[in-house]
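Keep the 3D view open as you read.

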Amino acid sequence: MSTSSSCQSSTLKLGIIGFGPFAQFLAKTMIKQGHTLRATSRSDHSQLCQDLGISYFRDAITFLEADNDVILICTSILSLPEVLKSMPLHGLKRQTLFADVLSVKEYPRDLLLKVLPEESDILCTHPMFGPESAKDGWKDLAFVYDKVRVKDEATCSSFLRIFENEGCRMLEMSCEEHDKMAARSQFLTHTIGRVLSEMEIKSTPISTKGFESLVQLKEGTVKDSFDLFSGLFLCNRFAKEELN
C-alpha cells in the first residue's frame, strides 16, 4: 500500500534539516515511496546520504535554494532556535511548506511563526512512533498534525499522504491540545522511566510481571537521549504543571 497510485502521482522534493536517527528512519520510507530527498545537518552525514541516494548539502544557503516543496525539520527540540537562526530564511526563492516532527508542538509553532516569511506554509506534526516501535511498519500508529498556516493545500495533502499511505492513524488536533495530552502521557512515561533509571532497578529471580514491565519501561526510556527528555519538560508548559 505504501506505493499506491495516489502517492506515485504526487511525489515531493523534500528537504530535511537535521539528519539524526529519527530523520534517517523517516527518510527510508519516503525514498521507498518515490520522493526525492535532500538533507543538511550540523553533523556530517554525507556518506550515509550518498548510500541512501539523498543529496547532502553542507551549505544552508544552497540547501534552501534547492527547490524544495517541503522542508522537514528533524532537529532536537533544544537546538531548534539556534538551527533556525543559522539559516538565511529570507533567501527562500519560492513558497515552501515547513513541517516539523518535534515531540512538543506549541514551541516549534511559535518559533516558526516568528522567523518564517509570511508566504511560507507551516504544518506542525508529531509521528507518535520511532524506529523501535515502528520496526514492523507504521500501520495503525498515530500521526498528529496541525495545519497552522496552509495556503497550498495540495502540497500539504501530498505530505500527509506519506503517512496515510503507510496506514497511520491520522489525528488532526491543535498544538495546545497535543501538548496537554503529551504531558500526561509521553512526558509522564519518560519521567517515570528516568526515575527508575536513577534507582538502577534490575530484573531479579523473583520479579513479578508488573516489575518486569517497569524494567522494560526504564530500558526503553534510556534509549532516548536526555536531550529529548529535557526538551519534553522545558518546552512544554503543561509538563511543568504535570510535574507539580
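This is a predicted model. Start with Phe-63. Its relative accessible area is 0%, so Phe-63 is buried. Its ring pairs with that of Phe-57 in an edge-to-face arrangement. The centres lie 6.1 Å apart, with 70 degrees between the planes. Phe-57 has 18% relative accessibility. The cut-off for burial is under 20%, so Phe-57 counts as buried too.

Now turn to Phe-159 and Phe-163. They also form an edge-to-face pair, at 5.6 Å centre to centre and 65 degrees between the planes. Both residues sit in helix H7, which covers residues 153-164. They are 4 residues apart, or about one turn of the helix.

Ring pairs join Phe-159 and Phe-163 with Phe-22, Phe-25, Phe-129, Trp-138, Phe-143 and Tyr-145 in a cluster. In total, the structure holds 12 aromatic pairs.

Next, the nonpolar cores. The largest has 33 residues. Phe-159, Phe-163 and Trp-138 are among those with the most contacts inside it, as are Ile-16, Met-30 and Leu-72. Several elements give two or more residues to this core, including strand E1 (13-17), helix H2 (21-32), strand E4 (70-73) and H7. Leu-72 shows how the parts meet. Its contacts include Ile-16, Met-30, Ala-99 and Phe-159.

Another core, of 29 residues, lies apart from the largest one. Phe-63 is one of its members, and so are Ile-71, Ile-73 and Leu-116.

The charged end of Lys-240 sits over Phe-233, 5.7 Å from the ring centre.

Definitions and conventions:
Residues numbered from 1 in each chain as written. Predicted model: local features only at pLDDT ≥ 70, side-chain atom pairs only at ≥ 80, totals over all residues. Heavy atoms only, no water. Phe/Tyr/Trp six-rings, centres within 6.5 Å; stacked < 30°, edge-to-face > 60°. Buried < 20%, exposed > 50% of the residue type's maximum accessible area, 1.4 Å probe, protein only. Lys NZ or Arg CZ within 6 Å of the ring centre and 35° of its normal. Core = buried A, V, L, I, M, F, W, Y, C linked by side-chain atoms within 4.5 Å. Contact = heavy atoms within 4.5 Å. Lists of a residue's contacts leave out its neighbours within four places in sequence.
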